[in-house]
Amino acid sequence: MTTTQDIHSPDFLAGDEFTIPTFRLLQQDGTLYAGAEAPEIDRDKARRIYQAMLFTRVLDERMMAAQRQGRLSFYMQCTGEEAAVIGATAALDDDDMIMAQYREQGALAYRGFTFDEFMNQLFGNELDYGKGRQMPIHYGSRKLHYMTISSPLATQIPQATGYAYGQKLAGDGHCTTVFFGEGAASEGDFHAALNMAAVHKVPVIFFCRNNGYAISTPAVEQFAADGVAPRAFGYRMHVIRVDGNDILAVYQATREARRIAVEHNQPVLIEAMTYRLAAHSSSDDPSGYRSRKEEEAWREKDPILRMQRWLNDLGWWSDDEEKALQERLRREVLEIMKRAEKRPPPPLDSLVTDVYADVTPALQHQLDRLKTHIRKYPDAYPRGARSLDPDVVAGDDATVKGGE
């Protein structure tokens, strides 16, 4: 239904009358802004959030190094955006669905995804939940309500609307949160998803990580309007812009967005203003499109350092704990990575399972030809040859059943 007010001379509007403020609570020195009140987060939850942030930072550092060493084909970092991702996840119920883009490993870390589970996916070994069929960083976890990532940009946004519609019908009091970048918000899927969500009134939170760049394209070249947030007005949707490096503001904004979504079956758009401190991916060189001075300015706004200072001021964290945790995480990630890359790949037969109840003759014929080819040229396909041996078992060193 469209409502209008009659006028009798042409008076065009450009949207300049709308201004979107940025919600902030925590300053970079770890103190609250004057007049700001911290959300209700107890000591245990605050520590859980912070530990997930450190976990994610260490994982990113070590896996990028592994990619540079040739041990991993590809990687994407969350560095600089931990507060946006983990703060939002912490504000959800653990049974709420998360649909991610590709930089939200912090959400999994907060919900308990282990280093082992990350490594198994990254190396595509026999314990990978995706059976080695996806490229690295395409995580997924049914038990943690985290939909498996897919490569095409923005497809998860309309999928989130559809999933949330199912949650509305189920009436179990859950919602879906979908993460995406401001570049993905330029895809048609974004607009289709928001329109459908608003029309059908479904409990979904659209969480835009506006990190300033769609790979190498700066935000100023992506849209003429004031960011992504004003687009919500076109769909009559609740919206808030938040400092994405402020863990407390992100948490409180998302908590309130969840209440609106679940209690009123209303979609909400959150635009988190943050910055990608790392390259877009291991294949990217950001020095070609942004300055080192710009990066250093944003490093001063590091969300992890901001939260650490807040915790220290409350007496909920100490420098000794910081040092001990960082040392433990770095040690564990290296040990677990070594185990994961030694594990054998998934059985070759798994290439044709999970689609049909019985493998079709055409697929079986293709699989048989593949096996014949690999057996003929085992040195050219060492992992494939290894996956053909049913007696290989996982371990620190591959062994054969029945042998000593």
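A crossing is left-handed if the near helix is turned anticlockwise from the far one by less than a right angle, and right-handed if clockwise. The structure examined here is a predicted model, in which local features need pLDDT of at least 70 and side-chain atom pairs count only at pLDDT 80 or more, while totals for chains, interfaces and linings use all residues. Residues are numbered from 1 along each chain as its sequence is written, and side-chain values use heavy atoms, with hydrogens and water left out.

**Exercise 1.** Determine how α5 and α6 are arranged and what their contact consists of.

*Solution.* Step one concerns the geometry. Helix α5 spans residues 156-170 and helix α6 residues 188-200; they pack at an angle of about 20°, with axes 7 Å apart. The pair is therefore roughly parallel, a term for angles under 35 degrees. Axes are lines fitted to C-alpha atoms, for helices over the stretch in contact, and angles run from 0 to 180 degrees between N-to-C directions. Helices (H or I, at least four residues) and strands (E, at least two) are DSSP runs, numbered from the N terminus.

Step two concerns handedness: α5 passes α6 in a left-handed crossing.

Step three lists the contact, meaning heavy atoms within 4.5 Å. From α5 come I157, P158, T161, Y165 and K168, and from α6 come D189, F190, A193, M196, A197 and H200. These residues comprise seven nonpolar, two polar and two charged.

**Exercise 2.** Describe the packing of α1 against α10.

*Solution.* First, α1 (residues 43-68) and α10 (residues 319-342) pack at an angle of about 45°, their axes being 10 Å apart. The two helices are therefore oblique to each other, the class left after angles under 35 degrees, over 145 and 65 to 115 are set aside.

Second, their crossing is right-handed.

Third, the contact includes Y50, L54 and R62 of α1 together with L325, R330 and M337 of α10. Its residues divide into twelve nonpolar, two polar and six charged.

**Exercise 3.** Locate W316 and identify the residues that it touches.

*Solution.* To begin, W316 lies in the loop between α9 (303-314) and α10. Next, consider R47: its C-alpha atom is separated from that of W316 by 7.4 Å, although the two residues are 269 residues apart along the chain. Finally, not counting residues up to four places away in sequence, W316 touches I41, D42, R43, A46, R47, W310, L311 and E321. R47 also belongs to the contact of α1 with α10, as does E321.

Conventions:
Ala, Val, Leu, Ile, Met, Phe, Trp, Tyr, Cys and Pro count as nonpolar, Asp, Glu, Lys and Arg as charged, and the others, Gly among them, as polar.
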